Amino acid sequence: MISHHTEQPAPRTGIDPVGPRWAGALAGIIAGGAALAAGEVAGALAAPRPGPVIAVSNRVIDEAPPWFVDFGKAVFGLADKPALIAGTIVISIVFAAVLGIVSLRHRLVGVGGIVGFGLVGLVAMGVDAQGGWGYAIFVSTIAVSAGIGTLLLMIARVPAERPQVHTGVRPANVAHPPAVARRSFLAWIGAAAATIGGVALGARQLRSRAAVEEARQAVELVPLGGAAEIDALVEAAEMTDVATTPGISELITPNENFYLIDTAALVPQVDPADWTLRIKGMVDREVSYTYEDLLARATTIVPVTLSCVSNEIGGRLVGNAVWQGVPLVDLLEEAGVREGATQIRSQSVDGWDCGFPTEVAYDGRTALVAVGMNGEPLPVDHGFPARLVVSGLYGYVSATKWLEEIELTTLEDFDGYWIPRGWSKYGPIKTQSRIDTPRRGAKIAAGGQIPIAGVAWAPNKGITKVEVQVDDGPWTEATLGESLGANAWRQWSVAWTAISGSHTLRVRATDGTGDTQTMARTKPAPDGASGWHTIEVEASA
Ligand SMILES: Nc1nc2c(c(=O)[nH]1)N[C@H]1C(S)=C(S)[C@@H](COP(=O)(O)O)O[C@H]1N2
Ligand SMILES: [Mo]
C-alpha cells in the first residue's frame, strides 16, 4: 500500500509526500460511487424493496422538518422527489470526496467513514416499511465491501504531488515520472468509473423487472352497466356551453393530469398477484381480500373530486375523476365493526397511514376501496392496485394509495402520518371555487365580451351556486354546468364585458348545505385554505 514515492525522504518544498488532494478526492468519489452502485445492484436483486438511495431519501422525507419539505416543493415542484434523490447522491459523493482526501494520510479513517456511510444505509433500509433488516445487512455488506476495496485500491495508486515550480519554468526532466503515475492513476479511475456506470445501469435494468405496469395493463375492470350511464352523463355535460368555455378545467381530469401527492421517493410497485387487503383491529373477525376479490366486487362507479389539504386558494392540487370500487362499508360489515371502534385507520405498503372517524364512513357518503380511475385500473402513481376514496375528506386523512391494511381503532389511540407534522386531526374538505379563465395578470381586450369561468367543489355536499364579483360591483350569479352529483366539482361561467383599466375578479361558491365560502383568508395549514379566489386582469382597447 505504500507507494514508491515514499521511499525518498520528503522534500522540504511543501510537497505532500502522500499525494495531491485532488487525487484523494477522486479516489474517494470513485469509492463512494462503487459503494452506491454495488448497493443499488444488490438492492435491485430484491426489488421492489427500495435500494439504499431510495431508502435514505424516504427517511429524509419522513424525518425532515416540514419547512424543508415545503421548501423542496416550492423550489422543485413536481420534480421534488428526483431533486431529493439527486441531493442524496450528491451529498454522498461530497462526503466520499472528503473521505478520500483524509484517506491519503489516514486510511483507517477512510475505511471507518465508509462503514459509517454503510450504517446510514443499513438503518434506512432496515426501518423502511418495504425493507427489512436481513435485506439491509445483505445490501450494506456488499456496498461497504465494494467501497472499502475500491478506496484502498485507488489510494494505493495516487500519484506523487507535482513538484511546485517557483521559478515559473518547469524543469524538463522532473515532470516525467509523476506524469506517468498520474496517467496510470487516471486510467484506473476511468476504468472504475466505467465499471460503476455499467453496474448502475444493470441495477436500473434489474429494478425495472419489478415494475408492475405490465401486470396493470393486463387487468380488466368489470364492465359495469353504471359505467355506460356515467359515460353518457359526462358526455352530455361536456357539451354544454359552460363546459366548452375555452380555458375552463375539464369536467373529468384525465389520469395523466391528475395531481400527485405522496411521501414515497419511489412509487411502490405492488404486484397484485401477491397482494391482499386486510381488515383488522376492533372487528369481530379479521378478513382479507385478494385483488381478484375486489375486482369482482368493484361495482360502484362514481365521480368524486379529490383535493389536497395543501391546495392554495386557486391552486391545482385538486382533480375530479370517476372512481370504480367496492363500498368501504360492505367490507367493514363483513369484518364486523366492534362497539367503540371510533376511527378507521388505513396503511399503505410503504408504511404511510391516516385515519378518519368511523361515523364518517357510515353517514351515507361515497367511501370506496377503489380499483379503477376514469375507466382504467388505478394508475401505479395513484395507488395501484387499490386505494381509498372518501368523498368530502382531504387526501391526507383518507385517500391511502397502495392500500394494504384497514384497522379499526379509536380516535385517541392513533394519529395519522400528517397529524404530528402540524396538520389537523380532522380533514373535511372546505367548499372552494377557482377562476380558470382569464388567467391571473391576463391582458384582455376592453369592450368585447369574455367569459369568466372555472370550477367549484364541495364534495359530498354539492355546489348550488357560484357568484362572481368584478371590482366592487354586485355579485353576479354564474351559469353552472351539468351536475355529476354532489361529490363532483361543478364547472361555472359568467359573461363579462370589460372596460379599459385593471380589474379585480373574485369568485365564491355556495354548497348544498346553504353555506357560502367565507372571505376570511387562511393558509392551507392546518386544515385547508379558505377565502375567495381573487385575481387581477388588465383590459385595454
Ligand atoms: N400511500 C400514500 N397514500 C397517500 C399519500 C401518501 O403520501 N402515501 N398522500 C395522500 C395525500 S396527502 C393526498 S392529497 C392524496 C393524493 O392522491 P393522488 O396523488 O392520487 O392525487 O393521496 C393520499 N394518499
Ligand atoms: Mo394531500
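Residues are numbered from 1 along each chain as its sequence is written, and chains are lettered from A and ligands numbered from 1 in the order in which they are written. Because the model is predicted, local features need pLDDT of at least 70 and side-chain atom pairs count only at pLDDT 80 or more, while totals for chains, interfaces and linings use all residues; side-chain values use heavy atoms, with hydrogens and water left out.

The structure holds 12 aromatic pairs, a pair being two rings of Phe, Tyr or Trp (for Trp, the six-membered ring) whose centres lie within 6.5 Å, and counting as stacked if the planes are under 30 degrees apart, as edge-to-face if over 60 and as tilted otherwise. One of them joins W22 and F185 in an edge-to-face arrangement, with 6.0 Å from centre to centre and 65° between the planes. Since W22 belongs to helix α1 (residues 21–45) and F185 to helix α7 (residues 176–208), this pair ties together parts that are 163 residues apart in sequence; helices (H or I, at least four residues) and strands (E, at least two) are DSSP runs numbered from the N terminus. W22 is partly exposed, at 39% relative accessible area, whereas F185 is buried, at 0%, where buried means under 20% relative accessible area, exposed over 50% and partly exposed in between (1.4 Å probe, protein chains only). A further edge-to-face pair is formed by Y291 and F384, at 5.8 Å centre to centre and 70° between the planes. Y291 lies in helix α10 (residues 291–297) and F384 in the loop between β8 (376–377) and β9 (387–390), so that parts 93 residues apart in sequence are tied together. Y291 is buried at 3% relative accessibility, and F384 is buried at 0%.

Helix α1 itself comprises 25 residues and reaches 36 Å from its first C-alpha to its last, close to the 36 Å expected at 1.5 Å a residue, the expected span being 1.5 Å times one less than the number of residues. This helix is mostly covered, with 19 of its 25 residues buried.

Charges also sit over rings, as defined by NZ of Lys or CZ of Arg within 6 Å of the ring centre and within 35 degrees of the ring normal. R345 lies over the face of F414 at 5.0 Å from the ring centre, and the charged end of R508 is placed over the ring of W475, 4.0 Å from its centre.

Around ligand 1 there are 19 residues, of which Y259, T263, H382, R387 and K401 come nearest, a residue being near if one of its heavy atoms lies within 4 Å. Backbone N or O atoms approach oxygen atoms of ligand 1 at 3.0 Å from I261 and at 2.9 Å from T263.

K430 lies in the loop between β10 (403–409) and β11 (432–437) and is partly exposed at 22% relative accessibility. A polar atom of the K430 side chain lies 2.7 Å from the backbone oxygen of G528. S530, in the loop between β18 (501–511) and β19 (533–540), is buried at 8% relative accessible area, and a polar atom of its side chain lies 2.6 Å from the backbone oxygen of A520.

Note on methods: Polar contact = N/O pair within 3.5 Å; in protein donor to acceptor, adjacent residues only side chain to side chain.
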